[in-house]
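Welcome, and please have the sequence and the 3D view open side by side.

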Amino acid sequence: MFKKILVVNRGEIAHRIIKACRELDIVSAAVYSEADHQALHVRRADESYLIGPSPAKESYLNKEKILELAKEIGADAIHPGYGFLSENADFIHMVEKSGITFIGPSSDSVRVMGEKLSARRLMKMNNVPIVPGTLEPIRNVEEGRKFALEIGYPVMLKAAGGGGGKGMRKILSPELFDISFERAGSESRKAFGSDELYLEKLIQKPKHIEVQILADKYGNYIHLFERECSVQRRHQKVVEEAPSVAVDEQTRQRLTETAILAARACGYYNAGTIEFLMDHEKNFYFLEMNTRLQVEHPVTEMICGVDIVKEQIKIAAGRKLEIRQDQLSIKGHAVECRIYAEDIDNNFAPSIGKITHHRLTSGPGIRIDRGIDLMSEVPVYYDPILAKVIAWGMDREEAIARMKRALTEYQISGVITNIPLFSWVFKQKKFLDGTFDIEFLDTEFLPLVPGKWKGTPSEEFETAAIIAAALIKSAEQETKAGGNRIGNTNQWRNLNYE
Amino acid sequence: MNEYIVTINGRKHKVGITDSAKVNIDGELIDTTISKISKNSFLLRYGKKVYEIVARRENADQFEFLIEGIYIDVLIKTSVQEVAGEMLLERNRSGRNSSIKAPMPGLLIKINKKVGDKVQAGEAVLLLEAMKMENEIRSPSNGIVKEIFFKEGDSIEKDAIILSIE
């Protein structure tokens, strides 16, 4: 087993990986940028090293410096977390050559799955259903127009080099093709340095279903069932759950078999996720493979009892998978809410600042993975995820009830969070009955922003707020006046807000 | 007795604090007790229930309270301030001076105007980057750029005045 792991990430995921290291009795080494010198992952790690200035380019994305540091401090493995360098095939290749172990798949697997068209071709060759469309880059606008007609409108134009919604255009009818082609091309060039585009048929109102797999370096593959992540805003997931209410036993069988087929096709090892779009008839299509640990991995851990991060480390260290497929089953239901520092009513602007108050929630079925603590700074430079609240229950109803309870107890102050969004989600019939799809938030929630989505607080809460404001303000005035006009026994002394 | 005007969800309430454990809200006397349990959290009892309240000060007159997962914004003024404020508002309506403040902290990516340029209300004047997102900041009024207090590449605190308009 490894002696020391360098964790090349920040925030909640670095914290999560450090926990796994500690449980396995491995020394954890953290890296941090200037902005993160007091971040929670730095507080928790056994060792921590300043890697550079605050912008990610100069710190968490600095491949050479990170590799040099790993050698210098005697780390025998690197865990990349998600984002940053986790799916950077060049970095992984550098690590492989250096003799240090990368906790993740091979650079070859990452490269082939990272290039959307090569992934599509590989999947097709291996009988994994892909969204109907092109397998080669479109050479020019005329060719694109022709393909679009063949596939049939509406179509999706996508960047071969990318992901995350960039260089992506939904085209509803032929007259919109040319302008969309031009815009998607220029967006893709800016984001990924290549304007190669391809076409897919638009799957109408699909669900986002993904399968977690684990594979060792000896060709053993298992799956940890599916997750559903259809609650998303502009391709960013907000609520995830496992299992999916829309997946029946027969569909699950086909989905998980297909996922393992896809992983085998690229000679995959370590933890990975195969993402699918699923239509109303429960036909599913390969979307992409995430060749890394995912943000939403805890919901799977909660329903299977497997610690995915520890499995990643053991697989990387050359151990055989100890878990057999027939030992696994789905126990209960888990839901995750991603807590972002964002001001929904101010156009989802990131909210930056110091966490001035932080009190965790706990109790039956609740888990929190977090990157913040009291007095943490939420810097301007990185992804605004603060924490993830995960709720487990015997069934979906109980998991949701526990989540709602936990969110009334979790106190974060100092930055604006998206916590109020979840109480909206958990009131929606479409969410509760499971008929929601990936357009759910964009079509039902966004039109209510700003303001109209918020329920008004109960009259009692309002009255409590009114009383508190007046009492705090009054205590301040008394202190300023130096006197104590309200009297010595005044219960409202010392209320001054600091 | 200290008197306040408290605005919550667009509604104004008249609140009086007397010298007993009572608060007068819109003429109704309410029994209450409050204690401070940490730097910014309070326990308030009224009616049948104790409320745990986390307070965040936005500025001298504004609080954000967090009560059981619900954020409530409260504006509070002394009755004297309230009257003065209304007079000031009246005066501002007739004047034209305004400014652009940073709605969030961030990096100033681009300034589309220079001193002396005309601006239209709603016109994009600045580009502010925060957490990898670019945000266009628009002019609140018509006028002429009087002064610019930052340059491109500067990092800006929330509520800092970036530019003034005459």
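Two residues are said to be in contact if their C-beta atoms, placed from the backbone, lie within 7 Å. What you see is a predicted model, in which local features need pLDDT of at least 70, side-chain atom pairs count only at pLDDT 80 or more, and totals for chains, interfaces and linings use all residues. Residues are numbered from 1 along each chain as its sequence is written, while chains are lettered from A and ligands numbered from 1 in the order in which they are written.

Let us begin with chain A. It has 16 helices and 22 strands; here helices (H or I, at least four residues) and strands (E, at least two) are DSSP runs, numbered from the N terminus. The radius of gyration of chain A is 25 Å, close to the 23 Å that the globule rule gives for 498 residues, so chain A is as compact as a globular protein of that length. That radius is taken over C-alpha atoms, and the globule rule is 2.2 Å times the number of residues to the power 0.38. Along its principal axes, the C-alpha trace of chain A spans about 85 × 55 × 45 Å. Of the 498 residues in chain A, 50% are buried. A residue counts as buried if 20 or more other C-beta atoms lie within 10 Å of its own, as exposed if 12 or fewer do, and as partly exposed in between, with C-beta atoms placed from the backbone. Among contacts in chain A between residues at least 6 apart in sequence, 64% join residues at least 24 apart.

Now turn to chain B. This chain has 1 helix and 17 strands. A compact globule of 166 residues would have a radius of gyration near 15 Å, but chain B has 21 Å. The C-alpha atoms of chain B fill a box of roughly 60 × 40 × 20 Å along the principal axes. Buried residues make up 27% of the 166 residues of chain B. For contacts in chain B with a separation of 6 or more, 38% are between residues 24 or more positions apart. The domain assignment gives chain B domain 1 (2-82) and domain 2 (98-165), and the centres of these two domains, taken over C-alpha atoms, are separated by 35 Å. Domain bounds come from an automatic or database domain assignment.

Where do the two chains meet? In total, 44 residues of chain A are in contact with 50 residues of chain B. On the chain A side, β16 (349-350), α12 (396-409), β22 (411-413), α13 (419-425) and α16 (459-481) each supply at least two residues. The largest share, 16 residues, comes from α16(A). By class, this side of chain A has 24 nonpolar, 16 polar and 4 charged residues. Ala, Val, Leu, Ile, Met, Phe, Trp, Tyr, Cys and Pro count as nonpolar, Asp, Glu, Lys and Arg as charged, and the others, Gly among them, as polar.

Chain A is itself divided, with domain 1 (4-103), domain 2 (132-201), domain 3 (207-448) and domain 4 (458-498) in its domain assignment. The centres of domain 1 and domain 3 of chain A, taken over C-alpha atoms, are 23 Å apart, and 25 residues of domain 1 of chain A are in contact with 25 residues of domain 3 of chain A. On the domain 1 side, α1 (11-23) and α2 (40-44) of chain A each supply at least two residues, and α1(A) gives the most, with 7 residues.

Next, look at helix α11 (residues 308-316) of chain A. Here 7 of the 9 residues are buried, so α11(A) is largely enclosed by the rest of the structure. Among the buried ones are V309(A), E311(A) and K314(A). What covers the buried residues of α11(A) includes α1, β4 (77-79), β5 (101-102), β9 (207-215) and β12 (270-278) of chain A.
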